[in-house]
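User: I would like to learn how to read helix packing in a model. Please take me through one case.

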Amino acid sequence: MDLLQENFPQLFYLYSTYYTPYATYIHPLRRALLLTQSYFFRYAFPTLYPFYALTLRLLGSVFTEQPSLASLTLLAVLLLVSLKLMDVLRRAIISWIAFAIRMIMYASVVLVGVWVYQRGLEQSLEDLGWAIGLLAGLGEQGEKMGRARAARRSKEARSIPEGHYRGRTRGAGW
């Protein structure tokens, strides 16, 4: 929170002033965005809108009239095309996720290499041994807690007289 309080006036100054030191970098991006928008509405939209309107009219007539063989065929083709597009989209998303995971792995290898280079091999191995010991200790502590909880539950289960109802218990369902 202190970091935010210390840097808030500077961030507010950068946000509120129009001519910032970064204006030379921001203005070309803003101009490119506005030019792209203007190009779309000047050239692409008038070209694509008639196809959009025609498609809407055709689909509207297909869904409002009695089904015919042509309309059923059109629906089947649209289903196949949409499934194909979804498959392409799925593949693209999976490839980007795989790319991100690969980059994270490469970055972690580089960071470990830099860490070993800066600390030295002996100190790095010592730190690694400490981390492994810490994780092993946490695992042993978890096992102890799990064993104690299991023993307590089995003791509770044995202490209930037969025929008595304990009420709703965890995992008993409804």
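**Helix 3 and its partner**

Analyst: Helix 3 (residues 69-119) has 51 residues and reaches 74 Å from its first C-alpha to its last, close to the 75 Å expected at 1.5 Å a residue. The expected span is 1.5 Å times one less than the number of residues, and helices are DSSP runs of H or I with at least four residues, numbered from the N terminus. This is a predicted model, in which local features need pLDDT of at least 70 and side-chain atom pairs count only at pLDDT 80 or more, while totals for chains, interfaces and linings use all residues. Residues are numbered from 1 along each chain as its sequence is written, and side-chain values use heavy atoms, with hydrogens and water left out.

User: What follows helix 3?

Analyst: Gly 120 does, with a positive phi near 95°.

User: At what angle do helix 3 and helix 4 pack?

Analyst: Two packed helices are described by the angle between their axes and the distance between the axes. Here helix 3 and helix 4 (residues 121-159) pack at about 120°, with axes 6 Å apart.

User: Which residues make the contact?

Analyst: With contact meaning heavy atoms within 4.5 Å, helix 3 supplies Trp 115, Val 116 and Arg 119, and helix 4 supplies Leu 121, Gln 123, Ser 124 and Asp 127. By class, 3 are nonpolar, 2 polar and 2 charged.

User: Is Ser 124 buried or exposed?

Analyst: Ser 124 counts as buried because its relative accessibility is 4%; buried means under 20% relative accessible area. Beyond its neighbours within four places in sequence, Ser 124 touches Trp 115, Val 116 and Arg 119. In the protein chain, buried residues make up 3% of the 174 residues.

Definitions and conventions: Helices (H or I, at least four residues) and strands (E, at least two) are DSSP runs, numbered from the N terminus. Axes are lines fitted to C-alpha atoms, for helices over the stretch in contact, and angles run from 0 to 180 degrees between N-to-C directions. Ala, Val, Leu, Ile, Met, Phe, Trp, Tyr, Cys and Pro count as nonpolar, Asp, Glu, Lys and Arg as charged, and the others, Gly among them, as polar. Buried means under 20% relative accessible area, exposed over 50%, partly exposed in between (1.4 Å probe, protein chains only).
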